[in-house]
Amino acid sequence: MLAAKQIRDSFIDFFQQKGHTFVPSSPIVPVNDETLLFANAGMNQFKDIFLGLVPSQYPRAVNSQKCLRVSGKHNDLEEVGKDTYHHTFFEMLGNWSFNDYFKAEAIQWAWELLTEVWGIDQDRLWATVFAGDQNEGLPADNEAAELWTKVTSISAERVLAFGKKDNFWEMGETGPCGPCSEIHIDLGPDTCDKKVIKGHKCQVNGDCARFIELWNLVFIQFNRQADGKLLPLSAKYVDTGAGLERVVAVLQHKKSNYDTDLFMPIISRASEISGHKYTAALGNKTDNAFRVIADHIRAIVFAITDGATPSNEGRGYVIRRILRRASRFGRELGMHEPFIYKLVPVVVDCLGDAFTEIKERADYVSTVIEAEEANFGRTLDRGIEIFAAAAKRAAKTAEKTISGDDAFQLYDTYGFPLDLTQLMAEERGLKVDTKKFNELMEEQRERARSGQKDVWLSGMIKATSSVSGKLTVFPKTDDLYKYQTDRCESKIIGWIDSEGFKTEGSVPTNTEVGLILDKTCFYAEAGGQVGDCGIIRSNDGKFIVENTTKVASCVIHRGQLTDGTLAGGDQVKAIVSKDRYATKKNHTATHLLQWALQNVFGKSVSQQGSYVGPDYLRFDFTYPKAPTSEQLREIEKLVREKITADLPVTCLAMPREKAEKLGAMALFGEKYGNEVRVVGLGAEADDKIDEAFSKEFCGGTHVDRLGTIGGFKITKEESISAGVRRITALTGSGLMDYLEKASDIVDELSAMLKVPSEGLIERVEQLIKDNKQLTKKLKTAARAAGSDIMTEAKKLLENCEKIGEAHIIIGKVSTGSVESAREAVDMLKKKAKSAVIVLGFEEDGKATLLAGATDDIVKRGLKAGDIVKSIAPIIDGGGGGRPQMAQAGGKDPAKIREALIKASELIKEKLKSP
Ligand code: ATP
Ligand code: MG
């Protein structure tokens, strides 16, 4: 029996032998594509080729693409665990033709691989073709139908035609599309999961688990216009996708993907950890939990490896949702402590050979998962209780629906993603009011809406392709000047405004547009380095550039025409702002910092992201714990030594393979072309770059010599998520400003404390020490005073008069605080059981009187508030309070005794009278 690894390899081998180039999977987190959360098909990385934006580097390609279907158009999350063949993460095997071969070869080869190489019984296979669509004016794909019987041995009655829903594939609203041909397999009558449904018939596309789709062959031959019309494409493409997990199940003679060597090791490990047994039954809660967990851990490992981290929005939230879902299913296996992270090594065992990146990042991934599990674990059990209460309430409603408020509370306070609440509701036959939930979410978002991501560009591009009605191929800008100069002569090729891409007429004034030149020295935002700002001027127009970005190979200068006019074809001068100098220093310093970090922490430190602007630099990297201040000082020292040595910086373009051989560091997950630029530090000449102590793949702008950086200081070190640290640092003029401010503060302190700056530390240390001592003294004094007043109060009680059961406790005490006097009153009340108390004391030349009465006395009509009110004027003051406790303050402490005598008279009178 073939192992999954051999099956994957045999697919790739097969197509390599047929002239296909192996292209590694693109990262599951798409790089530079904000329109897609996660890769969900093999074609994603070739999208720009289909769109005509870039030429393909090979006529035929083959690969195994990491896919995640948990959001957007393709979302299979609900199916996972309930069926045996839909996963969140799966591998899509694919072969491509970029305007090379077409339907005949695609069909013939798929059949050959399935039946001859892999030996699947052809009587179990079915093929489908497009039946045509009258409304769309689309003809049936007779070509494919004929080819099936001509180039393969399939019998005619096994080739079925279906409509648009099943057999016409479109990438999106507009763009390349075409009919497809699918290959389905019959897994045998006992695999049907719809037997109980009346009138169910097992058939292809019949919605039961007996017939499942193995392989989809898409023939891209049309381009969908913005107005909905389809035009034939001059270039034709083949794009196929076969689910590896499904193929493996068939070839390993398993009824379920989970029974294959892609999942069983994970399930076994989960079984070992939890002590529960997996019996592979569908519809069984425990077995379902095993399947979900085995599925989800694969998705989480790949997504985190490729750069997604759990968070509250976008990609990060998808990962958080999957992980929390897995945690909740862990409860079904009795797991209350973090345990999912313990499955990382077995996932690495299963897939680490095919995808070495998960091996390299396993420790980091484990750290992140464990932290996230521990975090959610704190609220999960309580959340489950809250859910149970909400479900009970919902069961009583006519609609059997959990309220939007409950779902939102679960989300907001207990971290339950909506789909988790829905899943748990569904288990009890309940629904969730998602409308109300979404309203509440929207309100919260509205509140939090700030610093939103810029959508200008994507809006522009959308406008562009819909208005012109054809695929826009943005002109390529010659921008190598950015490495040599900060000003150049160029010509306006066109611009993008809200209506689309224009090349003729004049540029609109005082509104944001994207100006496109034939060549430019402006640096477009990339690799963490911010886009340049500056000015583009002609004889009579002035365009302020606020930012520079890139789409495919086109540099877009974003900004506004503020003076005069500019038009297509105008000669202009492009002038980059002086900020660029500061940015360059920060960029080179970032390379120095990464080198120093690896020196101090080891090679496993890897870059997670960076910001390089004129103001400061920021560098995020993987490291499991907080660096010590000694380590940070060591890092600064290493960087500064290199700056002082004023070594040269060299940049050299070379083939990617050569750069890899040189050991140049590449940004993890980034897709590089065949030709890369390497920036080296410390090599004497470009051709000696191999001698550089730091070598990085980098397209950024750098200083020529390290001395130019002018200084380096780390201003902040923090943790930004589990296992990821962030360093913020300054160089050049930013550092000068910082130092100037710091020195001003020192001067001011030195004037304030009247010591020279060298003596400041000692002086402040002394002040802190004095302060500590004084606070301690004060506390002891207060405590002594407190215990004094308690003794005094007890004495007053011992010697007090009584009328009936009631103690009359009156006297002057020597405390200085109201609190301790109050405590004394409370203590006396408790001890005497029935009492009326009046205490007076003096503090800072002021008088305070405090009265208290036990409840029985209050019932007899004698209230503390009244007593205080009548005696307060004697001490030249006022006051009041509750019947049980009252207080007054006055200016004449000499009269405290008189006030107390008066109080005593009042009380006795009241208590004696019946
Ligand atoms: P299905 O109808 O079974 O959901 P699909 O039409 O969504 O499949 P395609 O988008 O054509 O599938 O993807 C190509 C191939 O990828 C499929 O033929 C199948 O083998 C595999 N595949 C698709 N979705 C999944 C999934 N969620 N888990 C595992 N394999 C999948
Ligand atoms: Mg599907």
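How many salt bridges does the count come to? By the rule used here, the count comes to 42 salt bridges. A salt bridge is a side-chain nitrogen of Lys or Arg within 4 Å of a carboxyl oxygen of Asp or Glu.

This is a predicted model, in which local features need pLDDT of at least 70 and side-chain atom pairs count only at pLDDT 80 or more, while totals for chains, interfaces and linings use all residues. Residues are numbered from 1 along each chain as its sequence is written, chains are lettered from A and ligands numbered from 1 in the order in which they are written, and side-chain values use heavy atoms, with hydrogens and water left out.

**View 1. Salt bridge between E426 and K82.** E426 sits in helix α14 (residues 418–427), and K82 in the loop between β4 (74–75) and β5 (89–98). The pair links distant parts of the chain, 344 residues apart. Helices (H or I, at least four residues) and strands (E, at least two) are DSSP runs, numbered from the N terminus. E426 counts as partly exposed because its relative accessibility is 45%. K82 is partly exposed too, with a relative accessible area of 42%. Buried means under 20% relative accessible area, exposed over 50%, and partly exposed in between (1.4 Å probe, protein chains only).

**View 2. Salt bridge between D406 and R393.** The side chains meet at 3.1 Å, N to O. D406 belongs to helix α13 (residues 404–414) and R393 to helix α12, 13 residues apart. D406 is buried at 12% relative accessibility, whereas R393 is partly exposed at 48%.

**View 3. Salt bridge between K550 and D479.** The closest N and O atoms are 3.2 Å apart. K550 lies in strand β18 (residues 542–551) and D479 in the loop between α16 (456–468) and β14 (487–497), so the bridge ties together parts 71 residues apart in sequence. K550 is partly exposed, at 37% relative accessible area. D479 is buried, at 8%.

**View 4. A salt-bridge network.** E136, K164, E170 and R224 are linked in this network.

**View 5. The largest cavity.** It holds about 70 Å³ of space. The structure has 3 cavities of 30 Å³ or more. On a 1 Å grid over the protein atoms alone, a cavity is a set of points where a 1.4 Å probe fits but cannot get out, and lining residues have an atom within 4 Å of a point. Grid points are joined across faces, edges and corners, and a volume is the space filled by probe spheres set on the points. Lining residues include S327, R331, H336, E373 and F376. Helices α9 (314–332) and α12 (362–396) each give two or more residues to the lining. α12 gives the most, with 4 residues. The lining divides into 5 nonpolar, 3 polar and 3 charged residues. Ala, Val, Leu, Ile, Met, Phe, Trp, Tyr, Cys and Pro count as nonpolar, Asp, Glu, Lys and Arg as charged, and the others, Gly among them, as polar.

**View 6. The second largest cavity.** About 50 Å³ of space lies here. Among its lining residues are Y85, L187, R246, K254 and N257. Helix α6 (residues 244–251) gives the largest share, 3 residues. By class, the lining has 5 nonpolar, 3 polar and 3 charged residues.

Conventions:
1 Å grid on protein atoms, 1.4 Å probe; cavity = no way out; pocket = protein on both sides within 12 Å on 5 of 7 lines; lining within 4 Å.
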